[in-house]
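Reader: I have a structure open and have not looked at it before. Can we go through it together?

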Amino acid sequence: MTGTAVIVIDMLNTYEHEDADALVPAVREMLPAVQKLLERARSASVPVIYVNDNFGQWRSHHGELVEAALAGRHPELVEPITPDEDSLFIVKARHSIFFETPLAYLLGQLGAQRLVMCGQVTEQCVLYSALDAHIRHFDVTVPREALAHIDVELARAALRMMETNMSATICSLDAVTLEEPADS
């Protein structure tokens, strides 16, 4: 059991939506950081939980969502970060990773108290998820290079809100620790 979980938000994307053209450049830029975070988490046996939109396909399971994303407009943005056999997966319908999902229960079962969040979109799903994590008394860490945005100014404001209003730790990927502190 670990006190930390890595949450991958909405990275399985078909990029067939209204804001896709604005989002794709930011995803290209952050993809190496997400890959590095996933490698570090898996090496440290930290749970990795993908929480992803269902694209309105209510009969889909995670395998179908992965297939749809890989068949979408930018499979090169999906393939490097697809879930492995040890990854956990939760489907969401709205912006927050907690809204009407079993995520809080799963985190309780894992003993996770600290969430390291990465993914897209900073000023939407990541922001709302950080708020919902905060009100559930989780510690939130957000490595800024592992986020993608649609609007850079709104993303900056979202990061300030997470840090100021939600006590989130906003830091570089290199500053993220996944292991338990020695005194815990």
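**Salt bridges and pockets**

Author: Start with Arg 156, which forms a salt bridge with Glu 153, the closest N and O atoms being 2.5 Å apart. A salt bridge here is a side-chain nitrogen of Lys or Arg within 4 Å of a carboxyl oxygen of Asp or Glu. The model is predicted: local features need pLDDT of at least 70, side-chain atom pairs count only at pLDDT 80 or more, and totals for chains, interfaces and linings use all residues. Residues are numbered from 1 along each chain as its sequence is written, and side-chain values use heavy atoms, with hydrogens and water left out.

Reader: Where do Arg 156 and Glu 153 lie?

Author: Both are in helix H5, three residues apart, about one turn of the helix. Helices (H or I, at least four residues) and strands (E, at least two) are DSSP runs, numbered from the N terminus.

Reader: Is Arg 156 buried, partly exposed or exposed?

Author: Arg 156 is partly exposed, with a relative accessible area of 45%. Buried means under 20% relative accessible area, exposed over 50%, and partly exposed in between (1.4 Å probe, protein chains only).

Reader: How many salt bridges are in the whole structure?

Author: A search finds eight. One of them joins the side chains of Lys 92 and Asp 53, at 2.8 Å from N to O. Lys 92 lies in strand E3 (residues 88-92) and Asp 53 in strand E2, so this pair ties together parts that are 39 residues apart in sequence.

Reader: What about Arg 136 and Asp 132?

Author: Their side chains meet in a salt bridge too, at 3.9 Å from N to O. Arg 136 is partly exposed at 34% relative accessibility, and Asp 132 is buried at 16%.

Reader: New topic. How much space lies in the largest pocket?

Author: About 350 Å³. A pocket is an open set of points on a 1 Å grid over the protein atoms alone, where a 1.4 Å probe fits, with protein on both sides within 12 Å along at least five of seven lines; lining residues have an atom within 4 Å of a point.

Reader: Which residues lie nearest its centre?

Author: Asp 10, Asn 13, His 17, Asp 53 and Gln 124, out of 18 lining residues. Strand E2 (48-53) and helix H4 (122-135) are the elements that give two or more residues to this lining.

Reader: And the second largest pocket, how much space lies there?

Author: About 250 Å³. Its lining includes Ala 26, Met 30, Arg 144 and Arg 156. Helix H1 (20-43) and helix H5 (152-165) each supply at least two residues of that lining, and H5 gives the most, with four.

Conventions: Grid points are joined across faces, edges and corners, and a volume is the space filled by probe spheres set on the points.
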